[in-house]
Amino acid sequence: MQYYVLEYQYPRKGFISGGATFLPALDQYYDPDHTELPTHTTAEVILDSNLRKMDVDFFYTGNRATVVSDAWKQLLEQWNVVAQFIPAQIYYYNQEPVPGTYWIAHRLKSLDCVDYEQSQYAGKKLVLRSIEQPPRRIAKGFEQITLNEQKIKQDEFFTLEYTYISNPIISETLYQEIQKHKLKIHATPIEQFRP
């Protein structure tokens, strides 16, 4: 099956980012993978000053929070995607609220599904050795990513464990649903993705 990497930029808009704060305030830095957030947590995101009109369905903040529109959240829930959705109010840099409903998709499923033999990345020999003799090294500097589809099973939306790549990966069938619903999300086939 073909897989796609969700990009944190949208054609003609460029890179979209901002800063997220949480209520109640977190005791430590935000960790999108390991921190369990209380169910009543909410978030506020202030967009970077260069963004004049925010009308995309997916972006990433400087402190690693993945933001999704309500339409994207509903589609993910229909596909039984594992995540904790935190309500988020989005503001432009001048404090003007961005219309629409947004969520932070927290604790996305992470899979150890990179084919480390077939992929091209920095320190390949060291990473392969660490798989045989832990502790595991984090793979970085990817020039080409190949996935081991047997380890993916039925998952349609996930992140890559043991890599520095934070972009979510989606299946071709889910990408077709994104296009069918006309969501403004930019994705690249995984073999063409360059972090």
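How many strands form the open sheet, and in what order? The open sheet is formed by 5 strands in the order 10-13-14-1-15, with mixed pairing; two strands count as paired if DSSP finds at least two bridges between them, and helices (H or I, at least four residues) and strands (E, at least two) are DSSP runs numbered from the N terminus. This is a predicted model, in which local features need pLDDT of at least 70 and side-chain atom pairs count only at pLDDT 80 or more, while totals for chains, interfaces and linings use all residues. Residues are numbered from 1 along each chain as its sequence is written, and side-chain values use heavy atoms, with hydrogens and water left out.

- Strand 1 (residues 3-6) pairs with strand 14 (residues 169-171) in the antiparallel sense over 3 bridges, and Tyr 4 has Ile 170 as its bridge partner in strand 14.
- Helix 3 (residues 172-180) lies across strand 1, strand 13 (157-160), strand 14 and strand 15, and runs at about 90 degrees to strand 14; axes are lines fitted to C-alpha atoms, for helices over the stretch in contact, with angles from 0 to 180 degrees between N-to-C directions.

- Strand 6 (residues 58-60) and strand 7 are antiparallel and joined by 3 bridges, with Tyr 60 opposite Thr 66.
- These two strands form a hairpin with 5 residues between them, and Arg 64 in the turn has a positive phi of about 75 degrees.
- From strand 7 (residues 66-69), Thr 66 and Val 68 point one way and Val 67 and Ser 69 the other, all of them buried, where buried means under 20% relative accessible area, exposed over 50% and partly exposed in between (1.4 Å probe, protein chains only).
- Strand 7 is also joined to strand 9 by 4 bridges in an antiparallel arrangement, and Val 68 stands opposite Trp 103.

**His 106**
- His 106 belongs to strand 9 (residues 102-106) and counts as buried because its relative accessibility is 0%.
- Beyond its neighbours within four places in sequence, His 106 is in contact (heavy atoms within 4.5 Å) with residues including Tyr 30, Asp 31, Thr 35 and Ile 86.
- Although His 106 and Thr 35 are 71 residues apart along the chain, their C-alpha atoms are separated by 8.8 Å.
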